[in-house]
Amino acid sequence: MRPADCARRWLLLPAAAALVLSGLAAGCSSSKPAYCTAADQLKTAVQNLGNVNVVKNGLSSVQTALSSVKTSASTLATDAKSTFAPQITALQTSVSGLETAITSAKGQPLATTATSVVSAITQVKNSASALESAVSGKCQ
């Protein structure tokens, strides 16, 4: 090997190292925690729950929307581990309250039970909003 070839290799080494390091830095700075996607899905599910018209569509529409909220909340709880434990617990409590309100409303005139169901939906929305606020700082 000629000395000139060796010198060229040494000149290329810092450029190659800089390229590799910049790629690593770019990959690290743009990544979000896995729970960010689950938080987005939960936000959508809660919005859908809030848009349910209990009086017009009945309790089954609330149950369907609630099922989506529960699935999304479970995924978020798994992905976030203990990072947002108090907020996740509050959400799970409000979801349980909504399930109780739905169970109590079955077989009753909807006009008399709609208020308790709507109130429970509001509790789910509020606890989900608190969780969303906690998560949003880490998912920007």
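# Briefing: helix packing, core and cross-links

V69 is buried, with a relative accessible area of 0%, and this residue is found in helix α4. The model discussed here is a predicted one. The largest nonpolar core in the model has 35 residues, and V69 is among those with the most contacts inside it, together with V62, L98 and V117.

- Once its neighbours within four places in sequence are left aside, V69 is in contact with L42, A45, V46, L49, V95 and V124.
- V69 and K43 are 26 residues apart along the chain, and their C-alpha atoms are separated by 8.5 Å.
- S72 also lies in helix α4, where a relative accessible area of 9% means that S72 is buried.
- The contacts of S72, again leaving aside neighbours within four places in sequence, are with A38, Q41, L42 and A45.

**Helix α5**

- Helix α5 has 21 residues and reaches 30 Å from its first C-alpha to its last, which is close to the 30 Å expected at 1.5 Å a residue.
- Which residues of α5 are buried? They are I88, L91, S94, V95, L98, A101, I102 and A105, and because they cover an arc of only 140° around the axis, they lie on the same side of α5.
- The buried residues of α5 pack against α2, α4 and α6, whereas the face turned away from the buried side carries the exposed residues P86, T93 and T103.
- Just after α5 comes G107, which takes a positive phi of about 80°.

**Helix α6**

- Helix α6, made up of residues 110-136, has 27 residues and reaches 37 Å from its first C-alpha to its last, close to the 39 Å expected at 1.5 Å a residue.
- The buried residues of α6 are T113, A114, V117, A120, I121, V124, S127, A128, L131 and V135, and what covers them includes α2 (35-50), α3 (54-57), α4 (59-80) and α5 (85-105).
- V117, one of the buried residues of α6, is in contact with V54, L59, V62, L98, A101, I102 and A105 when its neighbours within four places in sequence are left aside.

**The disulfide**

- How many disulfides does a search of the whole structure find? The search finds one, and this disulfide joins C36 to C139, with an S to S distance of 1.9 Å.
- The link of C36 and C139 is left-handed, with -90° about the S-S bond.
- C36 lies in helix α2 and C139 in the segment after α6, so the pair ties together parts that are 103 residues apart in sequence.

**The aromatic pair**

- A pair of aromatic rings is described by the distance of the centres and the angle of the planes.
- The count comes to one aromatic pair, formed by Y35 and F84, which are arranged edge-to-face at 5.2 Å centre to centre with 85° between the planes.
- Because Y35 lies in helix α2 and F84 in the loop between α4 and α5, the pair ties together parts that are 49 residues apart in sequence.
- Are the two partners buried or exposed? Y35 counts as buried at 8% relative accessibility, and F84 counts as buried at 3%.

Terms used:
Residues numbered from 1 in each chain as written. Predicted model: local features only at pLDDT ≥ 70, side-chain atom pairs only at ≥ 80, totals over all residues. Heavy atoms only, no water. Helix = DSSP H or I, 4+ residues; strand = E, 2+ residues; numbered from the N terminus. Expected span 1.5 Å × (residues − 1). Buried < 20%, exposed > 50% of the residue type's maximum accessible area, 1.4 Å probe, protein only. Contact = heavy atoms within 4.5 Å. Core = buried A, V, L, I, M, F, W, Y, C linked by side-chain atoms within 4.5 Å. Phe/Tyr/Trp six-rings, centres within 6.5 Å; stacked < 30°, edge-to-face > 60°. Arc of directions from axis to C-beta. Disulfide = S-S within 2.5 Å.
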